[in-house]
Amino acid sequence: ALNQQLEDVLLRRNSFADDDDDGSGPRRLLRELQPSIPDYTSPPLDDAVAATPEAYRDDDVIGAFRTMAAAGNCTTGSSTTDRCHIPFVPPSDSFDQPGTVGVILYCGGLVDPRSYAPLARRLADRYGLPVVIPVFDADVALSFGVCDSGRLRLAQAEFTNVAKWVLVGHSLGGLAAMVDAWTYRDDPTVGGLAMLASYLNDGLGCGESDFSTTSLPMAGVTASNDLIINQTNAELYKPLYSNETLFVDVYGGNHALFGSYDDSERKPLLGQVDGEPIIPPAVQWDLTVAAIFHVASRTGVDLPQKLEGAQCPPDTSAAVSLGSSWMLIALLSISMFCKCIFGKC
């Protein structure tokens, strides 16, 4: 299956530069694998489309962004339609100031970017964080052997007031976020990294990607019923995280619930068989965005405060205290963030 092929190649720890001279290294294998990616993407569910800003809901708009990305025509110019991403603007009437911490949310491999709108909408509306979801050619965020996706600069052009960016990626998108974070590790505008159902890897040809030598705020968010991620390797690569990492395992969640998409074709096409979730999607989304906000809160930048009278989202804390991780999950509950960080709601 393609999923296993990709896993086998990505987890080879050999350096691309050292292993490619004889034509048998991982770089060659990755080049061979790239064309075999099927012409398929998991479509967003209705709730994801509804959470997407209206101007970006149409298939043709997203398709045009994919074409622009494939041609290398995404630009930082004045036209917002040339940046190949979906922006989420926090409501100005709910916060005391524009958000100066932003989020770049890299989508999972072969998943429509609109599928992550429920996460982006919560980050913007609940926490006041500007968000962009990049749109990539063929919905594959990681370009093998490319160490800079260019998406940081495009996000900066969209939200010029943002001082720090938290890079967040789901599954294969986590590797893309990791590569960009490592490439820009000395750039003061990179404020954090969050890996969702993904894990760090030092074998992608973009340096050692060893964040243990840094103090970068990070989060690693997994789900207990995720059968897609290689749990053994996720544990193997944990030493690469910084000492400033929050690890959260969402009890009862699965791989697909980090977004909102139809994954029914992924088994026959990609060989992916996910576990069954035992919690509602909204619970996993709430815990995930809370963990991302936890990273944002450690960037050293003042965060926007909810204005008095602004409404908090519904409390999900009772619904999430379901398993062995309930104490940690309860600390991340939405009511806790609302009451302890935003003050009066």
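**Entry 1: terms and ground rules**

I call a residue buried under 20% relative accessible area, exposed over 50% and partly exposed in between, with a 1.4 Å probe and protein chains only. By that rule Tyr 241 is buried, at 5% relative accessibility. I am working on a predicted model, where local features need pLDDT of at least 70 and side-chain atom pairs count only at pLDDT 80 or more, while totals for chains, interfaces and linings use all residues. Residues are numbered from 1 along each chain as its sequence is written, and side-chain values use heavy atoms, with hydrogens and water left out. I take helices (H or I, at least four residues) and strands (E, at least two) as DSSP runs, numbered from the N terminus.

**Entry 2: aromatic pairs**

I looked up ring pairs next. Rings of Phe, Tyr and Trp (its six-membered ring) pair if their centres lie within 6.5 Å; planes under 30 degrees apart are stacked, over 60 edge-to-face, and the rest tilted. I get six aromatic pairs by this rule. One of them is Tyr 199 with Tyr 237, stacked at 5.8 Å centre to centre and 10 degrees between the planes. That pair links distant parts of the chain, 38 residues apart. Tyr 199 sits in the loop between strand 5 (190-196) and strand 6 (218-223), and Tyr 237 in the loop between helix 9 (231-236) and strand 7 (245-250). Tyr 199 is buried at 9% relative accessible area. Tyr 237 is buried at 2%.

I then checked Tyr 241 and Phe 247. Their ring centres are 5.0 Å apart and their planes stand at 75 degrees, so the pair is edge-to-face. Phe 247 is partly exposed, at 33% relative accessibility. Tyr 241 lies in the loop between helix 9 and strand 7. I also noted Leu 193: its C-alpha is 9.8 Å from that of Tyr 241, across 48 residues in sequence.

**Entry 3: arginines**

Where is Arg 126? I find Arg 126 in helix 6 (residues 117-127). Arg 126 is buried, with a relative accessible area of 7%. I count a polar contact when two N or O atoms are within 3.5 Å; within protein, one must be able to donate a hydrogen and the other to accept it, and residues adjacent in sequence count only if both atoms are side-chain atoms. The side chains of Arg 126 and Asp 286 make such a contact at 2.9 Å.

Two other arginines lie over rings. My test is NZ of Lys or CZ of Arg within 6 Å of the ring centre and within 35 degrees of the ring normal. Arg 151 lies over the face of Phe 136, at 4.4 Å from the ring centre. Arg 185 lies over the face of Trp 182, at 4.0 Å.

**Entry 4: the largest pocket**

Grid points are joined across faces, edges and corners, and a volume is the space filled by probe spheres set on the points. The largest pocket holds about 390 Å³. I list 23 lining residues, with Phe 136, Asp 137, Val 140, Ala 141 and Ser 143 nearest its centre.

Which helix gives the largest share of the lining? Helix 8 does, with three residues. Helix 5 (59-71), helix 7 (151-158) and helix 8 (172-183) each supply at least two.

**Entry 5: two helices**

I compared spans with the expected value, 1.5 Å times one less than the number of residues. Helix 8 has twelve residues and reaches 17 Å from first C-alpha to last, close to the expected 16 Å. Eleven of its twelve residues are buried, including Trp 182. Helix 11 (residues 281-296) has 16 residues and reaches 23 Å, close to the expected 22 Å. Helix 11 is mostly covered, with 13 of its 16 residues buried.

**Entry 6: backbone notes**

I found Ala 138 with a positive phi near 60 degrees, though it is not a glycine. Ala 138 is in the loop between strand 3 (131-134) and helix 7, and is partly exposed at 38%. Ser 209, also not a glycine, has a positive phi of about 50 degrees. Ser 209 is in the loop between strand 5 and strand 6, and is buried at 3%.

Notes:
1 Å grid on protein atoms, 1.4 Å probe; cavity = no way out; pocket = protein on both sides within 12 Å on 5 of 7 lines; lining within 4 Å.
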